[in-house]
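My entries follow in the order I made them.

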Amino acid sequence: YGYSGSKALLNMFLKAMALEFGMDTEHNRTAVAINPGWMKTDMGGPSAEYTPLEIAERIFSMVNEDNGAFLQKNNGKFLNTDRTEMAW
């Protein structure tokens, strides 16, 4: 119960932050959740799709695109690193 409860809390925290940030016209802040996907790690194994470096590069690209415009327009969403939206 602890793991699922902590995930639910984290998701609610993100949604609350996104609502607050969305109402703040004075500052440029965004809250998104990012699903890194299946990575080649000890846990993911060698058959996983991407290396941690590839995932980091994808996330870096999302953050830096047009000074964060991509993330701003997706405030409050759960995103995959291929820029598609993950269902909550």
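I began with burial: 23% of the 88 residues in the protein chain count as buried. Buried means under 20% relative accessible area, exposed over 50%, and partly exposed in between, with a 1.4 Å probe and protein chains only. The model is predicted, so local features need pLDDT of at least 70 and side-chain atom pairs pLDDT 80 or more, while totals for chains, interfaces and linings use all residues. Residues are numbered from 1 along each chain as its sequence is written, and side-chain values use heavy atoms, without hydrogens and water.

Next, the surface. The protein chain exposes about 6,400 Å², by the Shrake-Rupley method with a 1.4 Å probe. Carbon and sulfur atoms supply 59% of that area.

I then noted the fold. The chain has 3 helices and 2 strands, in the order α-β-α-α-β from the N terminus. These are DSSP runs: helices are H or I with at least four residues, strands E with at least two. The C-alpha atoms fill a box of roughly 45 × 40 × 15 Å along the principal axes.

I looked up the largest nonpolar core. Leu14, Ala18, Phe21, Ala31, Ala33 and Phe78 make up its 6 residues. Helix 1 gives the largest share of this core, 3 residues. Such a core is a set of buried Ala, Val, Leu, Ile, Met, Phe, Trp, Tyr and Cys residues joined through side-chain atoms within 4.5 Å.

What does Leu14 touch, beyond residues up to four places away in sequence? I found Ala31, Val32, Ala33, Gly76, Lys77 and Trp88. Contact means heavy atoms within 4.5 Å.

Leu14 also lines the largest pocket, along with Lys7, Leu10, Asn11, Phe13, Met17, Val32, Ala33, Phe78 and Trp88. A pocket here is an open set of points on a 1 Å grid over the protein atoms alone, where a 1.4 Å probe fits, with protein on both sides within 12 Å along at least five of seven lines; lining residues have an atom within 4 Å of a point. About 170 Å³ of space lies in this pocket, counted as the space filled by probe spheres set on the points. Helix 1, residues 2–23, gives the most to the lining, with 6 residues.

Last, I checked Asn80, in strand 2 (residues 78–80). Is Asn80 buried or exposed? Asn80 counts as buried because its relative accessible area is 15%. Leaving aside neighbours within four places in sequence, Asn80 contacts Asn35, Met62, Glu85 and Met86.
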